[in-house]
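Have the model open while you go through them.

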Amino acid sequence: MAIAGLSLLAASFSALAADIPRPVYKGVRSVISYYNWTGFYLGANGGYGFGKSDWDLSAISIKPDGGMFGGTIGYNYQTGSIVWGIEGDIDWSDIKGSTACGGDTCEVKNTYLGTFRGRLGYAFDRFLPYITAGGAYGQIKANILTTGQSSSSSQFGWTAGGGLEYAFLGNWTLSQVPIRLLLISVGYL
């Protein structure tokens, strides 16, 4: 009995400790790759602007409005879900308005508009809601058409706003409903 027990213990058996074969039920899991917002970007923009111009000379108020179109350049840096960025844009502008002023016609025109802003967003994979704020500049022209008096000045101001950006194809994004408030104060004429 003792010899039989000893020979049983001495015989080699195969062991499957770490190499236990496991059946695969649902296939191999893929790694989820989230969109990365870090990098430089260029783009085109367009919009509509409106405002109010108060004249001290003839005590009138003009409400100019019109379209604008231009380009944007910027850089984003993503840390976790937070996206930091800087951006600037320059736009051709056709924002203008006129009114009668003491037998003359007074006109206000904005021929170009630019902004330089910081941007802060929170990335939800391909969706990026953001807020933005910074400086603004533009050329404002004021004319009294019948007398030929005119004044032109490039003015600085501020801008703030927000929007939602969506990355729909690789490096292509679309910014939905970017809203910016802009204040440029002008004192002349």
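Is Asp94 buried, partly exposed or exposed? Asp94 counts as partly exposed, with a relative accessibility of 31%. Keep in mind throughout that this is a predicted model.

1. Start with the partner of Asp94. Its side chain meets that of Lys96 in a salt bridge, at 3.9 Å from N to O.

2. Now for the overall tally. Searching the whole structure turns up four salt bridges.

3. Have a look at Arg119 and Glu165. They form a salt bridge whose closest N and O atoms sit 2.8 Å apart. Arg119 belongs to strand S6 and Glu165 to strand S8 (residues 149-169), so this pair ties together parts that are 46 residues apart in sequence. Arg119 counts as buried, at 7% relative accessibility. Glu165 is buried too, at 9%.

4. Glu87, Asp89 and Arg117 belong together. Salt bridges with shared partners join these three residues into one network. Within it, Asp89 bridges to Arg117, with 3.0 Å between the closest N and O atoms. Asp89 is in strand S5 (residues 82-101) and Arg117 in strand S6 (residues 104-122), so the pair links parts 28 residues apart in sequence.

5. Where do the two ends of that Asp89 and Arg117 pair sit, buried or exposed? Asp89 has a relative accessibility of 5% and counts as buried. Arg117 comes out at 4%, which also counts as buried. The cut-off behind both calls is under 20% relative accessible area.

6. On to the cysteines. The structure holds one disulfide, and the residues joined are Cys101 and Cys106. Their sulfur atoms are 1.8 Å apart. For anyone who wants the reminder, a disulfide is a covalent bond between the sulfur atoms of two cysteines.

7. What is the handedness of the link between Cys101 and Cys106? The link is right-handed, with 85° about the S-S bond. Cys101 and Cys106 are both buried.

8. To recap the charged pairs: Asp94 and Lys96 are bridged at 3.9 Å, Asp89 and Arg117 at 3.0 Å, and Arg119 and Glu165 at 2.8 Å.

Terms used: Residues numbered from 1 in each chain as written. Predicted model: local features only at pLDDT ≥ 70, side-chain atom pairs only at ≥ 80, totals over all residues. Heavy atoms only, no water. Helix = DSSP H or I, 4+ residues; strand = E, 2+ residues; numbered from the N terminus. Buried < 20%, exposed > 50% of the residue type's maximum accessible area, 1.4 Å probe, protein only. Disulfide = S-S within 2.5 Å.
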